[in-house]
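Open the model in your viewer and keep the selection panel at hand.

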Amino acid sequence: MTEARIVLDPRFQVGPIDRRMFGSFVEHLGRCVYDGIYEPGHPEADARGFRRDVLALVKELGVTTARYPGGNFVSGYKWEDGVGPREDRPRRLDLAWHSLETNEVGLHEFADWADKAEVELMLAVNLGTRGVAEALDLLEYCNVRQGSALSEQRRTNGADEPFAVRMWCLGNEMDGPWQLGHRSASDYGKLASRTAKAMRQLDPSVQLVACGSSNSGMPTFGAWEREVLAHTYDDVDFISCHAYYRETDGDRASFLASAVDMDSFIETVVATADHVKSVLRSDKTIDISFDEWNIWYAERWENEERITDIETWPVAPRLLEDVYSVTDAVVFGGLLISLLKHADRVKAASLAQLVNVIAPIMTEPGGAAWRQTTFFPFAITARLAHGTALHLEIESGTMATPLYGDVPLIDAVATLSEDGSAALFVVNRHLTDASDLTLDLGALGDVIVSECLTLADQDQDARNTREDPQRVTIHANESASLKNGVLRVELPAVSWTAISLTAA
Ligand code: AHR
């Protein structure tokens, strides 16, 4: 057993937590939309074909936004294909995922689903194969109440009220050679700036996200952000970050320390944005939209044989359907801790993705919907993390990792609500040893532990599957005891724990 000590003080404030931190991502990719959230004919389908059982899980997950419709998909997407009478909608080749897009679900259907799910709709415009004019058309269609050609078209198509979309991504991963219409930082920066200016001319209330790097391993990482922001600084509100982690070559220690990499990724992008701010002598601060993050065993997809014959591209194939282990969920919980630790600058984030595709929720056509291991840390963090993020003073041992050197065994963050309740989220990265954690909560005043929940398992590779969908769940941690402002709790090896504290 190792030992660790944490001091919590309400004065160590990082910043207010924007509820958009708990956003999600729904791409027309694989079975995320079709046979995921939408499956007409399923016994649970509502009148519009959306699965009620999936919707219930989405609500339980507690996501606050849905980024739509991509992802790589958006760079070839014509939004007009997905509006109007369904029987007239074209079937299109989706070059990003070598699939056939039926356009059965488009803007109206998804906005309707987002309403039911009580999530904010966040849209991406296509800056891969399209540009300023099409972005303006989409904005007019979505946000103008009435009286213009496209707003009237929306009303004819069944939506009297505007969709009132506030947050818009200016393309997707435009630095990636795989992206349709991929561009240099300078070309993208100029296009994003022109698009943003035009969009604001139409609707000054929009909040705009410029594409940052696809990941921090891109050869242009850093330089890309600097150049894109040099062109767009006055025009946008956010720069995006995307990061996916996975265990490689059996290096579980480094995998467990993935949040260390996420911390440094965020801090590098913040530093770069602030550098541009100082060069431009600007008063404005650019925040981060971490609009794709997750665990993703991408090499499985990279090694899959692509369907190249365009005559046979399938509709909604099974793609990127990773089945997550307990270890994956612990790392995932650590990534949420990293996002919260940077709540002063990460003002939006989207778990990529929501259903079936690298997702916390899985479904079978005609069958069940169930929670993956990663569902639990997300749902619990979204439910408990309110108010302000607090920095913690943490003393723990370290562990050696091949990728990140020595890293702390324990990582944690706390949150403090206006009503005086607090929550702590803690990861024990040790591969074999539990940790005896002492938390000094004296500065919080008189509190009680209302919940202490731990995700861990004797089998660190245990997963929820179609055959055994409830194999892994989260358990009450009975070891927690609070006396004289000092809380002691045992954290199992490779575990994620949430502690909720309320005023006594
Ligand atoms: O989330 C899966 C894919 O990952 C997205 O389409 C793309 O933006 C990223 O590379």
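How do the residues of the lining of the second largest pocket divide into nonpolar, polar and charged? The model is a predicted one, and the lining of this pocket splits into ten nonpolar, four polar and eight charged residues.

**Stop 1: the second largest pocket**

Select H108, A111, D112, A159 and F163. Among the 22 residues that line the second largest pocket, these lie nearest its centre. The space in this pocket comes to about 340 Å³.

Next, colour α2 (107-117) and β7 (120-125), the elements that each give two or more residues to the lining of the second largest pocket. The most comes from α2, which contributes six residues.

**Stop 2: the largest pocket**

Move on to N215, Y244, W296, A298 and E302. Of the 39 residues lining the largest pocket, these are the closest to its centre. The volume of the largest pocket is about 870 Å³.

Now show four elements: β10 (238-245), α7 (252-256), α8 (258-279) and α9 (298-303). Each of them gives two or more residues to the lining of the largest pocket. Which element provides the largest share of that lining? It is β10, with four residues.

Notes. Residues numbered from 1 in each chain as written. Predicted model: local features only at pLDDT ≥ 70, side-chain atom pairs only at ≥ 80, totals over all residues. Heavy atoms only, no water. 1 Å grid on protein atoms, 1.4 Å probe; cavity = no way out; pocket = protein on both sides within 12 Å on 5 of 7 lines; lining within 4 Å. Points joined across faces, edges and corners; volume = space filled by probe spheres on them. Nonpolar A, V, L, I, M, F, W, Y, C, P; charged D, E, K, R; others polar.
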